[in-house]
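User: I'd like to go through some labels with you and see what stands behind each one. Could you show me the model?

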Amino acid sequence: MDFSQIVVIAGPSAGMRYSLGGETIIGRDPDVSVSIDDSGISRHHARITQHEDGDFLLEDMGSHNGTSVNGLSITEHQLTFGDKVTVGHQTVLIFTYTDPHEQRLLQSQKFEAVGRLAAGVSHEFNNLLAVVTINLSILECDEGLSDEERLLCIAEAKSAANRGAELTRRMLDFSRASHSEMRPVDLSKLMTEVTQLAQRTFGPQIKVVEELEEALSTRGDRLQLYQVMMNLCLNARDAMPDGGTLTVQTRRCCALPTGDCSLPRELPPGAYLEVVIADTGRGMDATTLDRAFDPFFTTKEVGEGTGLGLSMVQGLIRNHEGAVRLQSEVDVGTQITIYLPSADPSQERETGTADLPSIVPQEGIRVLLVEDDDLVRRAMVRSLRRSGYVCIEAVNGRDGVEKYQHAADEIDVVLLDVLMPEMDGEEAFDRLKAINDKVKVIITTGCADGLLKERLLTAGVSAFLAKPVAVKELRAAIAQVLRPGAG
């Protein structure tokens with residue numbers, strides 16, 4: 001079975017993926033296999049045909065603006081993985097592949113990596129909970145506390161809670177299944193998150209040194225890159241059972257090493273970024289180095305897991321138009337250098353949730369809060385009412401739908417959890433839309449499921465907020481959803 005595909009990496013349909021097989025037509029006509037709304041694309045612009053031998057032939061179909069591959073205009077071209085195809089004014093596609101078996105293996109290895117981090121994560125959470133518990137105990141006694149001491153206790157408890165929330169969010173992002181999306185990625189920010197998680201979970205015997213250059217941007221699948229980098233750090237930690245130093249560096253690459261046999265392939269000319277992950281561990285001998293990129297090869301003992309093998313690391317990085325370089329010496333350590341294409345930070349701004357402004361709520365806005373966790377619901381109700389909102393409580397999706405049915409005309413916005421008993425948030429949203437197709441719904445969830453988020457936003461959800469939700473963030477989201485002209 002063939003798993004070849006083309007991915008739109010620039011233009012109106014950026015992020016879309018299309019499987020290939022038989023004949024595939026690219027154009028602006030809504031009935032073609034790959035329909036892209038780019039005014040520079042002809043209705044029937046180009047054709048990709050798979051031959052009996054499995055190769056793919058790209059042909060321009062007499063388009064107005066022509067078709068180019070890797071910057072060169074073509075009439076016909078035999079495609080190879082990594083080829084960039086330009087059609088129209090803005091649209092760029094890349095010819096690549098996906099293997100569902102590989103994706104399942106990748107996902108299982110994500111969970112294995114989470115397991116390898118578990119002890120460190122538990123230690124970190126116990127420390128954070130201790131900070132919260134101790135400061136709340138001091139506040140509870142409240143004997144002779146000055147205002148300054150009281151505010152300090154609150155600030156420290158809040159800081160610990162925020163650190164716990166951020167750690168949870170990163171672990172969820174790391175472990176969840178996701179469809180691949182090629183988007184702008186702030187590599188500097190990504191590597192900062194990787195090193196912070198490493199520092200908090202690897203234990204005191206591993207010293208983590210970071211030398212990260214700022215404002216480095218590439219284009220790729222953020223979660224895949226995060227997994228690659230985190231797994232390489234985990235492998236480095238495992239290579240130092242008695243402790244050592246993990247060094248993580250990022251920098252612009254002034255000149256690629258030419259003719260270097262340690263590079264799996266020559267990279268085309270261009271600007272690149274370097275990510276270096278080095279340890280002072282056991283290192284590899286010449287025999288191990290020769291096999292390091294073999295599929296499923298591992299140096300781990302039976303029962304220690306497999307980790308993310310360098311074969312898969314190499315495959316993922318190649319899909320990002322990069323390369324991996326491996327250097328190692330027994331009893332000295334291992335250094336892995338990853339090369340990724342550089343992108344202009346001014347044009348390749350990483351997508352994400354912008355900081356919401358602090359907004360004073362309007363008095364009398366009626367909010368239906370649908371939340372099954374009693375502690376979370378009571379805390380959110382108190383914060384909403386203290387902020388001036390009129391709050392109606394619902395304990396699950398079914399209860400929320402019934403209360404909205406009876407008071408739809410009086411409710412301005414619905415705050416809806418996703419994972420609930422009896423009726424989950426997705427089904428509840430469908431029922432709310434059936435009652436009022438203009439209902440304003442803000443999803444509040446700790447579940448980092450990108451596919452679910454995309455599905456609900458497409459269906460008409462107004463906004464997503466990740467738990468725990470700060471009061472200012474909640475106010476600003478409600479204000480934005482209810483502002484005149486908001487969708």
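User: What makes Arg251 buried, partly exposed or exposed?

Analyst: Buried means under 20% relative accessible area, exposed over 50%, and partly exposed in between (1.4 Å probe, protein chains only). Arg251 has a relative accessible area of 31%, so Arg251 is called partly exposed. A word on the source: this is a predicted model, where local features need pLDDT of at least 70 and side-chain atom pairs count only at pLDDT 80 or more, while totals for chains, interfaces and linings use all residues. Residues are numbered from 1 along each chain as its sequence is written, and side-chain values use heavy atoms, leaving out hydrogens and water.

User: Why is Glu274 called buried?

Analyst: Its relative accessible area is 10%, and the limit is under 20%.

User: How do you know that Glu274 forms a salt bridge with Arg251?

Analyst: A salt bridge needs a side-chain nitrogen of Lys or Arg within 4 Å of a carboxyl oxygen of Asp or Glu. For Glu274 and Arg251 the closest N and O atoms are 2.6 Å apart, so the pair qualifies. Glu274 lies in strand β16 (residues 272-279) and Arg251 in strand β15 (residues 244-253), so parts 23 residues apart in sequence are tied together. Strands here are DSSP runs (E, at least two residues), numbered from the N terminus.

User: What makes Glu23 and Arg47 a salt bridge?

Analyst: Their closest N and O atoms are 3.8 Å apart, which is within the 4 Å limit. Glu23, Arg47 and Glu59 are linked in a network of salt bridges.

Technical notes. Helices (H or I, at least four residues) and strands (E, at least two) are DSSP runs, numbered from the N terminus.
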